[in-house]
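Dear colleague,

I am handing over the structure below, and the notes that follow set out what was found in it. Please read them with the model open beside you.

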4 protein chains.
Amino acid sequence: MAGNSFGKIFKLTTFGESHGQAIGGIIDGCPAGLEIAIEKIQQELNRRRPGQSAIVTQRKEPDTVEFYSGLFEGKTTGTPIGFVIKNANQKSKDYSHIKDTYRPSHADYTYDEKYGVRDYRGGGRSSARETACRVVAGALAKQLISEIEINAYVASVGEIELQKKHNELDFSLTETNPVRCPDPATAEKMEAYIKKIRSEGDTVGGTVQCVIKNVPKGLGEPVFDKLHAELGKAMLSINAVKGFEYGSGFEGTKMRGSKHNDLFNNDGSTKTNLSGGIQGGISNGMDIYFNVAFKPVATIMQNQETINSEGESVEMQGKGRHDPCVVPRAVPIVEAMAALVIADYLLQNKTSRI
Amino acid sequence: MAGNSFGKIFKLTTFGESHGQAIGGIIDGCPAGLEIAIEKIQQELNRRRPGQSAIVTQRKEPDTVEFYSGLFEGKTTGTPIGFVIKNANQKSKDYSHIKDTYRPSHADYTYDEKYGVRDYRGGGRSSARETACRVVAGALAKQLISEIEINAYVASVGEIELQKKHNELDFSLTETNPVRCPDPATAEKMEAYIKKIRSEGDTVGGTVQCVIKNVPKGLGEPVFDKLHAELGKAMLSINAVKGFEYGSGFEGTKMRGSKHNDLFNNDGSTKTNLSGGIQGGISNGMDIYFNVAFKPVATIMQNQETINSEGESVEMQGKGRHDPCVVPRAVPIVEAMAALVIADYLLQNKTSRI
Amino acid sequence: MAGNSFGKIFKLTTFGESHGQAIGGIIDGCPAGLEIAIEKIQQELNRRRPGQSAIVTQRKEPDTVEFYSGLFEGKTTGTPIGFVIKNANQKSKDYSHIKDTYRPSHADYTYDEKYGVRDYRGGGRSSARETACRVVAGALAKQLISEIEINAYVASVGEIELQKKHNELDFSLTETNPVRCPDPATAEKMEAYIKKIRSEGDTVGGTVQCVIKNVPKGLGEPVFDKLHAELGKAMLSINAVKGFEYGSGFEGTKMRGSKHNDLFNNDGSTKTNLSGGIQGGISNGMDIYFNVAFKPVATIMQNQETINSEGESVEMQGKGRHDPCVVPRAVPIVEAMAALVIADYLLQNKTSRI
Amino acid sequence: MAGNSFGKIFKLTTFGESHGQAIGGIIDGCPAGLEIAIEKIQQELNRRRPGQSAIVTQRKEPDTVEFYSGLFEGKTTGTPIGFVIKNANQKSKDYSHIKDTYRPSHADYTYDEKYGVRDYRGGGRSSARETACRVVAGALAKQLISEIEINAYVASVGEIELQKKHNELDFSLTETNPVRCPDPATAEKMEAYIKKIRSEGDTVGGTVQCVIKNVPKGLGEPVFDKLHAELGKAMLSINAVKGFEYGSGFEGTKMRGSKHNDLFNNDGSTKTNLSGGIQGGISNGMDIYFNVAFKPVATIMQNQETINSEGESVEMQGKGRHDPCVVPRAVPIVEAMAALVIADYLLQNKTSRI
C-alpha cells in the first residue's frame with residue numbers, strides 16, 4: 001500500500017531519502033535477453049542531474065548509478081535489476097533550521113501528520129531526488145521499447161508559452177538549450193526570464209509537453225486502466241505537478257462534437273488528432289501528446305513567515321541551492337515515466353488475445 | 001492486468017457490456033459492521049440514470065441495483081458485496097449500422113485493433129453504462145466515509161463558465177437544476193445552450209469541479225500513489241475525460257513561488273489553499289478541489305464520413321438517443337470515483353503508523 | 001486485501017454466501033478470441049454438485065451458471081466475464097440452532113472474532129459452496145489451456161490408500177465410480193467405507209492426487225511465486241485442506257541426494273521425476289503431480305458439546321444433509337484450481353523474454 | 001508478475017544473484033515509529049550464514065547487512081527500507097564447469113528454458129543465497145510483532161525424527177546444538193548422521209517444524225488468502241521445499257470427524273488443537289504449528305552423469321562447499337517467512353472492521 005512501486009509487469013520499486021546513504025530501486029519484470037547500454041542510462045541521469053547548466057540548482061550530486069543484479073554479459077536475465085545511487089556528502093549539512101519548522105507548501109507538515117516522524121534532512125523522501133531512480137528505470141524501459149520515440153520538452157515557463165503546436169516542432173533542438181524548449185527563440189526568452197526570477201530570489205512554474213510517436217495500436221486497458229489514466233497518474237506522481245491533459249485537453253471542453261471528432265482516413269489513421277492518439281483508453285496508432293503542469297518551486301530565497309511543530313510562528317530564511325524553475329530538469333523525468341507506462345502496457349498487451 | 005478493478009483495500013471490480021444481460025460488480029474489502037442504507041445507493045444511481053431531465057438522453061433504463069451478498073441484516077459482513085443491474089430490452093435493438101462501421105472518436109476501432117473481436121451492440125464495454133457500477137460502489141463508499149463531504153458540480157459547458165470560485169458556492173443548489181450547476185443564473189444559461197446544441201444535432205464538452213471537505217490529515221501515499229495522482233487516475237478513467245487539475249492547476253504554472261506558497265496559520269491550516277488540500281501527495285486537512293475536463297460526446301445527430309472494418313469509406317447517419325452534453329450526468333460519477341479514492345486511502349492509512 | 005481474488009493476469013474474484021440470493025464471480029483477463037463451450041462449464045459444475053451420487057450430500061442445488069458479460073457470439077471478447085449461480089430455496093430454512101452457537105472446527109467462531117458479525121445461515125461465506133465459482137472459472141481456464149491435461153482423483157479415504165503410483169493409472173476410469181478413484185477395486189472399498197462411516201453419523205478425511213500432463217517448459221516464477229508455491233496456495237485455499245506436497249513430497253525428505261536427483265536424458269527429460277515436474281519453481285516439461293490432504297468434514301451427525309456466543313456450554317445436535325467424506329466432490333475443485341494456476345502462469349510467461 | 005515480491009501491506013521485494021556484486025531488497029509498508037534493533041537483524045542473518053558450524057557449508061560469506069533508507073534516529077519512518085548485502089569475492093571463482101552443463105535437480109535447465117539466458121555463476125538467482133534478504137525482512141517483521149513468538153526447529157533429518165510433539169518441547173534448547181533440534185538426544189543423532197552422510201559425499205533431506213504462539217484471533221482472510229494458504233505459499237517458496245502441512249496435516253486425513261473436531265472450552269480456546277490454530281483460514285488464538293519438507297540438497301560430492309546445453313552426455317564432478325543437509329540453516333528462513341506472513345496479516349486486519 002505504501003506506494004513505492006509503479007507498474008504491473010514492468011515494475012519499479014524505489015527507496016531512499018535525499019540525504020540518507022543512498023537511493024535506489026528494483027526493476028522487476030524486465031524481459032530476459034534485452035541488450036542494455038549502461039551509458040545511455042547514465043546519460044539520462046545526467047540530463048536530470050543538478051548543476052548541468054546556469055539555470056538549475058548548483059548543488060553537486062554526481063548521480064552515478066551502480067547496477068547490482070539482473071544484468072549478465074550485457075543482457076537482462078529476467079531477474080530483478082537492483083541499482084543504487086549513492087548520495088554525496090549526505091552527512092555534512094546542518095538541517096537544524098528545518099528540523100522543527102514546516103516549510104510552506106512543502107511536505108514537512110503532512111509527513112509529520114501522517115507518520116508522526118520525519119527524516120527532516122533536505123526533504124527526505126519527499127525530495128525530488130527520488131525521481132533519479134525513475135530516470136534510471138525509464139532509461140532502461142526506453143531500451144525495451146526502442147522503436148517508440150518519446151519526446152518531452154518545455155512548453156511554457158510562467159506566462160511565456162511555446163507558440164508552435166506539438167506537430168510543428170523539431171525535437172532535435174530540445175537539448176540545444178538549457179531550458180529544453182525546441183524553439184530556440186522562445187527558449188531564449190524563457191532562459192532570460194528564469195534568470196530574472198532567480199535574481200529576485202523567487203521561483204516560477206511551467207509546463208512540460210510530451211509527444212510519443214510510433215505507438216503500436218491497442219495499448220491500454222479499457223476501463224480503470226485506460227492508457228491516458230495511467231499516463232496521468234504517472235505524471236501527477238512527479239513532484240510539483242498540478243495537472244495533466246492529453247489531446248484536446250481542457251480546451252477541448254469548449255468544442256462541439258462535430259468539430260472535435262477525428263474523422264478516419266481509409267488506413268485507420270485520422271485526419272485530425274484531437275483524441276491525442278487514444279480512444280476509449282486504447283492507443284489508435286496516432287501520436288500521443290499531453291501536457292503536464294508544474295507549480296513554482298516552493299523553496300524561495302526570501303524570508304517567509306511559517307510555524308514550527310509547536311504551532312508557534314517563526315520566520316524562515318530561504319537558503320541553499322534550489323531550482324528557480326523546475327521544468328527544464330523535469331523533462332527527462334516526464335520521459336522516464338512515459339516510458340515506464342508504455343513499456344508496461346506493451347508487456348500487458350501480450351496477453352490480450354489468444 | 002485487464003484493468004477492471006479499482007482500489008487496493010476498498011476494491012471495486014466491474015463487469016458488463018451496455019447491451020448484454022446485465023452489468024454489475026464486486027466490492028471487496030469494505031469493513032464489516034457498516035450499516036448500509038440501500039435507498040441512498042439507489043438515489044445516487046438515479047442521479048446518473050438516463051431520462052432524468054429534458055437535457056439528457058431520453059433512453060429508458062430503470063437501473064435498479066440488486067445486492068446478492070456481503071450484506072446481512074442491514075450491515076456489511078466483511079465479505080465481498082456482489083451486485084447486479086439488469087439491462088432493459090438488451091436484445092431488441094438493431095445494431096447492424098455499427099457492426100462493421102467505426103464511429104469517429106469512439107472506441108470501436110481501438111477495441112478491434114486490441115482484441116480482434118468486439119461486442120458492437122451500443123458500445124459494449126466502452127459504453128459509459130459501466131459507470132453505473134462505479135456509482136453503486138461510490139455510494140457505498142460514501143456511507144463508509146460519511147463524515148467527509150464530496151460535492152461535485154458542473155463548472156462549465158462549452159464556453160459558459162461558472163464565475164464563482166469553489167469556496168464561494170452553495171452546494172445545496174446543485175441539485176436544484178438539471179445542469180447541476182450550483183449557481184442558478186449560470187445554470188439557466190448552460191441549460192439553454194445545451195438545448196440549442198441538441199437542436200442542431202450537435203454536442204458540447206464541459207468541466208466538472210469537485211470539492212471535498214473534512215478530509216482527515218495524512219491521507220495519500222508519498223511517492224507513486226500520491227493522493228492527487230490517484231484522484232487524477234480515477235477521473236481520467238471516466239469516459240470522455242481529457243484532463244485533470246487540482247488546486248492551482250494549470251493556472252498555477254504562471255505564478256511565482258512567493259505568491260503560490262500557502263502560508264500557515266498557527267493551527268496548521270493555511271491562509272490560502274493553492275495546494276488544493278494536498279502537499280507532497282498527502283492531505284493537509286484543507287479542502288481538496290479539482291477540475292475534470294470532458295470532451296463533447298462523440299455521437300452526434302449529423303451525418304459523418306467514416307470507414308468500415310474493410311477500410312472502405314461509408315457514411316454514418318447519427319441516430320439514437322444520446323446526451324448532447326455529458327457533464328450533468330457525470331457529476332455523480334465524479335463524486336463516486338472521489339469517494340472510492342478517499343475510502344481506500346482512509347483504510348490504507350490505518351497501517352501507516354504503529 | 002480481503003482476499004476474494006485469485007490470479008494475476010487470469011484473475012477470478014468471487015462473491016456470495018451459501019444461503020444468500022446468489023453466488024458468482026468475475027473472471028478478468030481471459031484473452032479475447034477464445035471459443036467457449038458453455039456446456040463443458042456446466043458439466044464441471046455438475047461434477048461438484050451435491051446429490052450426484054449416494055455417497056455425497058443429498059442437498060438439492062441445481063447450480064446452473066448464467067453468464068452476463070464477456071462472451072459474444074460464442075467467444076471471449078477480452079472484457080470481464082461476469083457470472084452468477086442462483087441459490088435455491090435460500091430463505092426457507094431455520095438456522096436458529098447455529099445463530100448463536102459455534103460449531104466445533106467450523107469457522108463460526110473465527111468469523112465472529114474477526115468481523116464481529118456473521119451471516120450464520122449455513123456457513124455463509126465459509127461454506128464450500130463458494131468453490132462452485134472456482135469450478136466455473138477453472139472450467140473456462142481449462143478451455144484456454146486445452147492442450148494441457150489435468151487429472152485429479154481420490155488417492156485415499158481414511159486409511160484406504162490407492163496402491164498404484166500416479167504414473168500407473170488409467171485416468172479414464174476416474175469418473176466410472178462415485179468415489180472418483182481410478183482403480184475400481186480400491187474405489188469399491190472406499191465407497192463401502194464411506195457408507196459405513198455415514199451410517200455411524202461420522203465423517204472421514206482423505207487425499208486427492210492430481211497429475212498435470214503436457215505442461216510447457218518454463219512456467220512459474222523463480223522466487224516467491226514458484227509454480228509449486230502458487231499451486232500449494234491454491235490447494236490450501238480450498239475448504240478443509242490441511243496439507244500439500246508435490247513430487248517426492250514428505251517422503252522425499254528421507255532420501256539421499258544421490259537417489260533423489262533426477263538424471264537427464266539427452267532430450268532434457270529426466271529418467272526419474274522426483275522433482276514432480278518443477279525445478280527451481282519452474283516447470284521442466286515432465287508431469288507435475290501433487291497430493292492434497294483433506295480433513296474429515298466437521299459437521300457430524302452426532303451430538304457434540306460446544307459453546308454459544310456467550311461462552312456458555314450447549315449441546316449441538318448434528319442435522320442436515322452433509323458429505324460424510326469430502327474428497328469425491330473435491331476432485332473437480334482441485335482440477336479447477338490447478339487450471340487457474342496454470343492458465344495464469346501461461347499468460348505471465350508471455351512476458352518473460354523479449 | 002516476475003514474482004520477486006512478497007506481502008501485500010508489509011511487502012518485501014528482493015534482488016540479487018549469488019555471485020553478483022550484491023543482493024538486497026526493499027521493505028515497503030513497515031509502519032512508522034517502530035524502534036529497530038539493527039543488531040537483532042544481524043543476529044538472524046548470522047543464524048543463516050554459512051560456516052557457522054561443522055555440519056553446514058564452510059563457505060565464507062560475512063553477510064553484513066547495510067540499511068540505506070527508511071530508518072532515522074533508530075526508528076522506521078514509514079518510507080521504504082532499502083538494504084544491501086555485499087557478496088564477498090564474487091568475481092574470483094571459475095564456473096566454466098557449470099556454464100554449459102545442467103546440474104541434475106537444479107534450476108539450470110529450467111532457467112535456460114524460461115529465459116534463454118542464465119547467470120551461471122553459482123546458481124545465480126536460484127541460489128538459496130537470496131533467502132538472506134528474507135531473513136533481514138523477517139527479522140524486522142519480528143520486531144513489529146514482538147509479542148508473537150515464532151519458534152522453528154528441525155523435526156527430522158532423513159529417517160531420524162523428533163519423537164516429542166510440538167507442545168512438549170523446550171524451544172530454548174533449539175540453539176544449543178548445531179542441528180537446531182530442541183531435543184538434545186535427537187540432535188546428537190541427527191548431527192552424527194549428517195556427518196556420516198557428508199563423509200560419503202552425499203546429502204539428505206529433513207523437515208522443519210514451526211510453532212507460533214500468542215497469535216491474535218482473527219488473522220487471515222477467509223477465501224483465497226486463508227492464513228494457512230499464505231503460510232504454505234511462503235514455505236513452499238523457500239528453496240528445496242517439497243511439502244507443507246499444518247495442524248493435523250496429512251495424518252489428519254485418516255481420522256474421523258468425531259475425533260478430529262476440536263471441542264471448545266468456555267473461553268473460546270479448544271480442548272485439542274488439530275486445527276493448528278486456524279479455522280476457516282482465520283486464526284483462533286491457539287498455537288499455529290506446521291511442518292515443512294525439505295528435499296536432499298541436489299549438489300552432491302559424487303560424480304553424476306548429466307547433459308550440457310547441446311544435449312550431449314557429460315560427466316559432472318561434485319565440488320565446492322555445500323550443505324550436506326539444508327534444514328539446520330533453513331530454520332531461521334522458515335521463521336522469517338512466518339514473520340512476514342503474520343506481520344502482513346496483522347496490518348491487513350486493521351481494516352477488517354469499521
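Strand E3 (residues 22-28) of chain A and strand E7 (residues 81-86) of chain A pair in the antiparallel sense, with 6 bridges between them; strands here are DSSP runs of E with at least two residues, helices are runs of H or I with at least four, and both are numbered from the N terminus. Two strands count as paired if DSSP finds at least two bridges between them. Within this pair, A:Ile23 has A:Ile85 in E7(A) as its bridge partner. Helix H4 (residues 131-144) of chain A packs on the sheet, where it touches strand E2 (11-15), E3, E4 and E7 of chain A, and its direction makes about 30° with that of E3(A).

This is a predicted model, in which local features need pLDDT of at least 70 and side-chain atom pairs count only at pLDDT 80 or more, while totals for chains, interfaces and linings use all residues. Residues are numbered from 1 along each chain as its sequence is written, and chains are lettered from A and ligands numbered from 1 in the order in which they are written.

The sheet as a whole is open and has 5 strands in the order E1-E2-E3-E7-E4 (chain A), with antiparallel pairing. Strand E1 (5-6) and strand E4 (65-67) of chain A stand at its edges with a single partner strand each, so one side of each has no neighbour in the sheet.

Turning to the chain contacts, 35 residues of chain A are in contact with 35 residues of chain D, where contact means that the C-beta atoms of two residues, placed from the backbone, lie within 7 Å. On the side of chain A that touches chain D, the elements giving two or more residues are E2, E3 and E7 of chain A, and E3(A) gives the most, with 4 residues. That side divides into 14 nonpolar, 15 polar and 6 charged residues, with Ala, Val, Leu, Ile, Met, Phe, Trp, Tyr, Cys and Pro counted as nonpolar, Asp, Glu, Lys and Arg as charged, and the others, Gly among them, as polar.

The contact between chain A and chain B takes 95 residues from each of them, and the side of chain A that touches chain B has 30 nonpolar, 43 polar and 22 charged residues. Strand E12 (residues 241-246) of chain A runs antiparallel to strand E12 (residues 241-246) of chain B, and 3 bridges join them; A:Glu245 stands opposite B:Gly243 in E12(B). Here too a rotation of 180° with 0.0 Å of shift along its axis superposes chain A on chain B (RMSD 0.0 Å).

With best wishes

Definitions and conventions:
Copies are superposed by least squares on the C-alpha atoms of residues with pLDDT of at least 70 in both. Axes are lines fitted to C-alpha atoms, for helices over the stretch in contact, and angles run from 0 to 180 degrees between N-to-C directions.
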